[in-house]
Amino acid sequence: MRAEPLDAETIVSAAEEVLRRHGPEKATVLDVARLLGVSHGSVYRHFPSKAALREAVIRRWLDRVREDFAAAVQDSELAPPDRLRGLLTTVFATKWAKAREDPELFATFRVLAAEHSTVSSAHVTFLLTQIRAIVVDGIAGGDFAAGEPEVIARAILNATSRFHDPTHAAEWRSPEVEAESVEVISLILNGIRAR
């Protein structure tokens with residue numbers, strides 16, 4: 001049995017390891033408890049369900065990449081079109097790398113995204129907020145045509161879904177995906193630029 005106190009962060013780390021080993025469909029709370037050397041009741045004291053535990057794993061995983069995304073938005077040295085290009089390129093490259101380098105955990109993210117979990121919804125909201133901030137700056141600075149920033153941000157996110165939505169992960173292995181993403185970003189930037 002475990003000697004040191006059990007906390008939520010330790011459980012999430014163990015759950016991440018179990019998800020990598022067994023995948024999202026086969027991993028159980030009992031597997032996590034066994035790895036930690038505790039009863040499954042100890043895990044349930046911190047997380048009320050398997051779904052809550054999986055969401056905590058994905059939330060931590062997404063929190064790690066948010067800083068990179070936010071940095072692309074906040075670089076005030078760059079003009080809004082370059083910031084938007086940088087943000088989208090960073091989002092795509094990060095998700096492609098996660099799918100390639102951590103396929104088991106990415107599979108869990110894909111399952112949660114398909115279930116429309118609160119974590120997945122919050123991630124989409126975060127991305128929309130980042131895009132909207134750039135669009136607002138671009139409109140204010142005359143780089144982008146006038147329009148409703150919320151509508152434009154959602155259209156950009158929807159237009160690029162093939163490159164960041166986990167349901168398209170199998171397509172990301174294509175050798176053409178990077179060139180295709182560059183073409184889509186260029187088309188978007190041309191479409192929203194001020195004339």
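My entries below go from the overall fold to helix pairs, then to the cavity and the pockets.

**Entry 1: ground rules**

I am working with a predicted model, so I noted its limits: local features need pLDDT of at least 70, side-chain atom pairs count only at pLDDT 80 or more, and totals for chains, interfaces and linings use all residues. Residues are numbered from 1 along each chain as its sequence is written, and side-chain values use heavy atoms, with hydrogens and water left out.

**Entry 2: the fold**

I counted elements and got 10 helices and zero strands. Helices (H or I, at least four residues) and strands (E, at least two) are DSSP runs here, numbered from the N terminus. I then checked the extent of the C-alpha trace, which spans about 70 × 35 × 25 Å along its principal axes.

**Entry 3: α1 with α2**

Two packed helices are described by the angle between their axes and the distance between the axes. My axes are lines fitted to C-alpha atoms, for helices over the stretch in contact, and angles run from 0 to 180 degrees between N-to-C directions. For α1 and α2 the axes come within 9 Å and cross at roughly 130°. That makes α1 and α2 oblique to each other; under 35 degrees counts as roughly parallel, over 145 as roughly antiparallel, 65 to 115 as roughly perpendicular and the rest as oblique.

I looked up who touches whom, with contact meaning heavy atoms within 4.5 Å. On the α1 side I found Thr10, Ile11, Ala14, Ala15, Glu17, Val18, Arg21, His22 and Lys26, which meet Asp31, Val32, Leu35 and Leu36 in α2. By class, this contact of α1 with α2 has seven nonpolar, two polar and four charged residues. For the classes, Ala, Val, Leu, Ile, Met, Phe, Trp, Tyr, Cys and Pro count as nonpolar, Asp, Glu, Lys and Arg as charged, and the others, Gly among them, as polar.

**Entry 4: α4 with α6**

Next I took α4 and α6, which pack at an angle of about 110° with their axes 10 Å apart. I therefore wrote them down as roughly perpendicular to each other. From α4, Arg54, Glu55, Val57, Ile58, Trp61 and Leu62 meet Leu105, Phe106, Thr108, Phe109, Val111 and Leu112 of α6. I sorted the residues of the α4 contact with α6 into nine nonpolar, one polar and two charged.

**Entry 5: α5 with α10**

How do the axes of α5 and α10 cross? Helix α5 (residues 80-101) and helix α10 (residues 177-192) have axes that come within 11 Å and cross at roughly 150°. The two are therefore roughly antiparallel to each other. In α5 I listed Pro81, Leu84, Arg85, Leu88, Thr89, Phe92 and Trp96, and these meet Val177, Glu178, Ser181, Ile185, Ser186, Leu189 and Ile192 in α10. The residues of the α5 contact with α10 divide into nine nonpolar, three polar and two charged.

**Entry 6: the largest cavity**

On a 1 Å grid over the protein atoms alone, a cavity is a set of points where a 1.4 Å probe fits but cannot get out, and a pocket is an open set with protein on both sides within 12 Å along at least five of seven lines; lining residues have an atom within 4 Å of a point. Grid points are joined across faces, edges and corners, and a volume is the space filled by probe spheres set on the points.

Searching the whole structure, I found three cavities of 30 Å³ or more. The largest cavity has a volume of about 70 Å³. Its lining includes Ala15, Val18, Lys50 and Arg54. α4 gives the largest share of this lining, four residues. The lining of the largest cavity has eight nonpolar, one polar and two charged residues.

**Entry 7**

The largest pocket holds about 330 Å³ of space. Of its 18 lining residues, Ser120, Val124, His164, Asp165 and Pro166 lie nearest its centre. I noted seven nonpolar, eight polar and three charged residues in the lining of the largest pocket, and its largest share, five residues, comes from α7.

The second largest pocket has about 190 Å³ of space. Trp96, Arg100, Phe106 and Trp172 are among its lining residues. α6 gives the most to this lining, with four residues. The lining of the second largest pocket divides into eight nonpolar, no polar and three charged residues.
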